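Dear colleague,

Here is the structure I said I would pass on. My notes on it follow below.

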Amino acid sequence: METRKVVHMGMLIALAMVLSFIESQIPAFIAVPGIKLGLANIAVVFALYSLGFREALGVSLIRVLFSAILFGSVLSGLYSAAGAILSLLGMALLKKSGFFGTVGVSVSGAVLHNLGQIGIACFILRTQALVYYLPFLILSAVVAGIVIGIIAAVLVERLGGDEYGRRAEK
Amino acid sequence: MDSRKRRTTLVRDLVLIAVLLCLGIGLLVVLRSHNRTGAYAVVMVQNREIARYSLAVDGVYDINGGTNKIEIKDGRVRMIEAACPNHLCIRQGWIRFENQSIVCLPNRLSVIVRGTDDSYDYVL
Amino acid sequence: MKNIIRRAAASAVLLLMLVVLCSCSKLTSGLIKVHTHTFYPYFDTVGTLSSYALDKEEEFNQNAAEVNTVLEHWHRLLDIYNEYEGMSNLCTVNRLAGQAVKVDPDLIAFVKYAKDMCILTKGEMDISLGAVLRLWHEASIAEKPYVPAEEDLREAAKHTGFDLVEIDESAGTLRLTDELASLDAGALGKGYAAERAAELLSKKGVTGYGLNLGGNIRFLGSKADESPFTVGIRDPLNPEELALTLNLADCSCVTSGDYERYFTVDGRRYCHIIDKDTLMPASYFTSVSVICKDSGLADALTTALFCMNFEDGFALISSLEGVDAVWIWIDSSIRYTMGLDSVISLV
């Protein structure tokens, strides 16, 4: 992997972690374990549009790993990872299909992120009752997704450009 | 992306958002109504459940072979009669939060609220 | 690239199916599966042990049985109304006031702790108030409850004070130097016993449990999903509603309220916590809650704070590290210490 890309990814990972940390300082307003705005996804969505799926996956997973080590625990890391993987796969597919714009992709990513977290929590805690939180998580994901999508879109326009798309076309 | 494509995707984005919002609100409504009718008062003697009454239906019930009597009204429950010396159980008044309980110690009896969305692990 | 997309699509579909399957199963209410065990009637109240740790039922039952043993042990040692065969407890010490009574070293440890607490709270929490408390107890359980006469209370007060308690550790005995004095551990017993039970579970590495002994709650760690335990405190003006909620983990929360145990005479309510200065039930607040790690400390402080005015109580709590408190007045006004800022929600 070329140095420029590695540096690029490193910066985005660091950015994602800082955003994750800032987010952890905001008091949880609903007593749902692990509910997060997902600010760190700004970096992930940006990575997806400016670098590509593989690089975005790297940024996402490495961020989850380091965040879990530094700020969280194995359990929160597991929730995060499940959400992050599901979210990124979904976003990559939707982006490739060209059906939705950045905001739509980001919103889908956010919703899938929360679905992934709830799904894994249901599985680990052996209860289906967490489903009760679904509506709140979907609604908050939509809001968060819109914000993140707009920010990422602006960043991509100003900074990155769609290198992935250009590379694929070649 | 050229501006026409941008406009189409923007429309699709908005439709997606609208759909998800409706889904979220819809689920909210469904789950809320399910929870309310699901709330009940569980009567336990010595750790064993002996009866269960829905909090959605008003009524007065003799429990534990008549040693105690409870009243359910407007989604709350209270002890109204008890064959015990100090009637501390009656003085507890109405309860309605999940996990809240009224205890009649001499009769080893508790009435616990279960199954509502108003939940706290302990209410003091 | 196409290969990766294809593989990613396949895994995404599978994951989505898994999630959807999880989510579409029967909607049930209630959260993490909780085991509960109830204890009757230690310390004249109901105790519950709850596990939010997702452990197996056998494991939980084992823990509950061990906690039961601990609670029974302390219930017997601190009982002042009954004696038990083959052992001397507080009832024995009271009955044989004037003589040295050989007791279990645990009881000696307790009395020493109670003495420390008495000093810490400047006498507001005092187990040697037995003579006075007995008068109030008898008044409350009478056919027709009455208010004890002031002269009787004052006379009884002459037979209180920790200087009347003689602890001989080497001989393993307790002696009340005044024959009319008696000990009453009501203000400290629950918390102390709960802490001993928590100690036992802690040594086994148990977390995610909550032990509630009649308003004296001890949490071990937090729940299995790392969320805190939620505790609601009632609003005195609207007892059905809550005044505030607390999100707690790995600590004790003890509440004393005037609505728990009381008797009524001529329409006036007399609660069970007696102020040593007035010899009457304390009436500064409607409820006081203390949050700190040690349950015994919390129990002692709760009683003390209930009998002190706000300024003195606040000063006492502020002087202690790792201790927080909430005061609620009869008009529903609430004050609490800064340490609770991040865990308290006013309703």
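This is a predicted model: local features need pLDDT of at least 70, side-chain atom pairs count only at pLDDT 80 or more; totals for chains, interfaces and linings use all residues.

**Confidence in chain C**

For chain C as a whole, the mean pLDDT is 88, with 90% of residues at 70 or more. The scores for the model are ipTM 0.75 and pTM 0.73.

**Nonpolar cores**

The largest nonpolar core contains 97 residues. Within that core, the residues with the most contacts are C:Leu188, C:Leu211, C:Val231, C:Val290 and C:Ala325. Leaving aside residues up to four places away in sequence, C:Val290 touches C:Val254, C:Ala298, C:Leu301, C:Thr302, C:Leu305, C:Val323 and C:Ala325. There is also a second, separate core of 52 residues, which includes A:Leu19, A:Val45, A:Cys122 and A:Ala152.

Chain B is assigned two domains: domain 1 covers 1-38 and domain 2 covers 39-114. The centres of domain 1 and domain 2 of chain B, taken over C-alpha atoms, are separated by 43 Å.

Between chain B and chain C, 23 residues of chain B are in contact with 24 residues of chain C. On the chain B side, helix H1 (3-38) and strand S8 (122-123) each supply at least two residues. H1(B) gives the most to that side, with four residues. By type, the chain B residues that touch chain C comprise 10 nonpolar, eight polar and five charged.

How do the strands meet where S8(B) pairs with strand S8 (residues 229-234) of chain C, in the parallel or the antiparallel sense? The pairing of S8(B) with S8(C) is parallel, over two bridges. In S8(C), C:Val231 is the residue that B:Tyr122 stands opposite. C:Val231 is also listed among the residues with the most contacts inside the largest core.

**A hairpin in chain C**

Strand S11 (residues 262-265) and strand S12 (residues 268-271) of chain C pair in the antiparallel sense, over four bridges. C:Phe263 stands opposite C:Tyr270 in S12(C). Together S11(C) and S12(C) form a hairpin that has two residues between the strands. In the turn, C:Asp266 has a positive phi of about 50 degrees. As a general point for reading such strands, side chains in a regular strand alternate between the two faces of the sheet.

Regards

Conventions:
Residues are numbered from 1 along each chain as its sequence is written. Chains are lettered from A and ligands numbered from 1 in the order in which they are written. pLDDT is the predictor's confidence in each residue, from 0 to 100. A nonpolar core is a set of buried Ala, Val, Leu, Ile, Met, Phe, Trp, Tyr and Cys residues joined through C-beta atoms within 7 Å. A residue is buried if 20 or more other C-beta atoms lie within 10 Å of its own, exposed if 12 or fewer, and partly exposed in between; C-beta atoms are placed from the backbone. Two residues are in contact if their C-beta atoms, placed from the backbone, lie within 7 Å. Domain bounds come from an automatic or database domain assignment. Ala, Val, Leu, Ile, Met, Phe, Trp, Tyr, Cys and Pro count as nonpolar, Asp, Glu, Lys and Arg as charged, and the others, Gly among them, as polar. Two strands pair if DSSP finds at least two bridges between them.
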